[in-house]
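Dear colleague,

Please find below the structure that I am handing over to you. My notes on its pockets and on one of its strands follow.

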Amino acid sequence: MINVYIADVSNLDINENIELVNEERKEKVLKYKAIDDQKLSLGAFLLLKKVLELQNLSIDLTFIYNSFGKPYFKNNNEYFFNISHSRTKVACVISDQEVGIDIQSIKEMTEKQMTLLQKKLLTKEELLKMNKPLQLKELYKQWVIKESYVKALGKGIFGNLEKIVLDDDQNIALLINEPPANYFSVELVDNYWLSIAYLKKDQINIEQLELTANKF
């Protein structure tokens with residue numbers, strides 16, 4: 001089972017919740033100047049903490065990172081997780097296989113911005129087949145799918161998303177010299193796109209959680 005959890009951090013109180021995280025995360029949270037960024041950083045850790053509790057997993061929240069910066073549990077190699085956040089939403093996926101997740105708030109763009117993003121996202125073959133520009137939401141869908149795939153591979157920030165081929169019929173993403181991955185993408189309420197990528201077929205469960213001080 002691949003479990004996905006989403007939380008809104010709009011009302012997360014930094015002062016009430018900062019003591020619930022370890023020193024490493026506290027330092028990372030407080031490095032951000034903007035309150036919104038502090039909430040996202042703090043919310044990401046609290047969401048993962050809550051997810052482990054819901055899954056009845058006693059895993060220490062200390063991490064190691066691969067060469068691309070993807071985090072793993074330091075003292076557990078049976079479970080994998082990934083986190084993404086955008087605007088006021090934090091999303092976390094946990095599974096017994098490599099997974100990647102990406103969430104993006106859909107923001108309006110100018111025609112020029114959309115054209116540039118399209119060139120960064122689509123393969124040459126996809127661009128040639130197009131008879132009209134992609135709509136904004138379709139662009140975001142392509143974006144989150146390819147980002148989640150790269151994160152599932154553990155490649156971190158990848159600058160060549162246009163090299164990733166998507167098979168929408170089979171819901172498979174593929175990059176040359178890398179294993180293919182399945183993906184599941186969905187539009188959420190409040191104008192967000194979410195995508196999860198995973199290397200082996202499995203069932204997906206998605207839940208919305210609350211992050212408040214009295215919930216921990």
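In this predicted model, the largest pocket has a volume of about 820 Å³. Its lining consists of 27 residues, and those nearest the centre of the pocket are P71, I83, S84, H85 and K151. Two or more lining residues come from each of helix 2 (23–31), helix 3 (35–54), strand 2 (63–65), strand 4 (80–86), strand 6 (99–105) and helix 6 (136–153). Helix 3 supplies the largest share, six residues. By class, the lining of this pocket comprises 13 nonpolar, seven polar and seven charged residues.

The second largest pocket has a volume of about 160 Å³. L122, E126, M130, L134, E138, Q142, L166 and D168 line this pocket; four of these residues are nonpolar, one is polar and three are charged.

I also examined strand 10. Seven of the seven residues of this strand (192–198) are buried. Y192, L194, I196 and Y198 point one way from the strand, while W193, S195 and A197 point the other way.

Strand 10 is joined to strand 6 by seven bridges, and the two run antiparallel. Seven bridges also join strand 10 to strand 9 (residues 181–188), again in antiparallel fashion. S195 of strand 10 has D102 as a bridge partner and stands opposite S185. Strands 9 and 10 form a hairpin with three residues between them, and D190 in the turn has a positive phi of about 70°.

With kind regards

Terms used:
Residues numbered from 1 in each chain as written. Predicted model: local features only at pLDDT ≥ 70, side-chain atom pairs only at ≥ 80, totals over all residues. Heavy atoms only, no water. 1 Å grid on protein atoms, 1.4 Å probe; cavity = no way out; pocket = protein on both sides within 12 Å on 5 of 7 lines; lining within 4 Å. Points joined across faces, edges and corners; volume = space filled by probe spheres on them. Helix = DSSP H or I, 4+ residues; strand = E, 2+ residues; numbered from the N terminus. Nonpolar A, V, L, I, M, F, W, Y, C, P; charged D, E, K, R; others polar. Buried < 20%, exposed > 50% of the residue type's maximum accessible area, 1.4 Å probe, protein only. Pairing = 2+ DSSP bridges.
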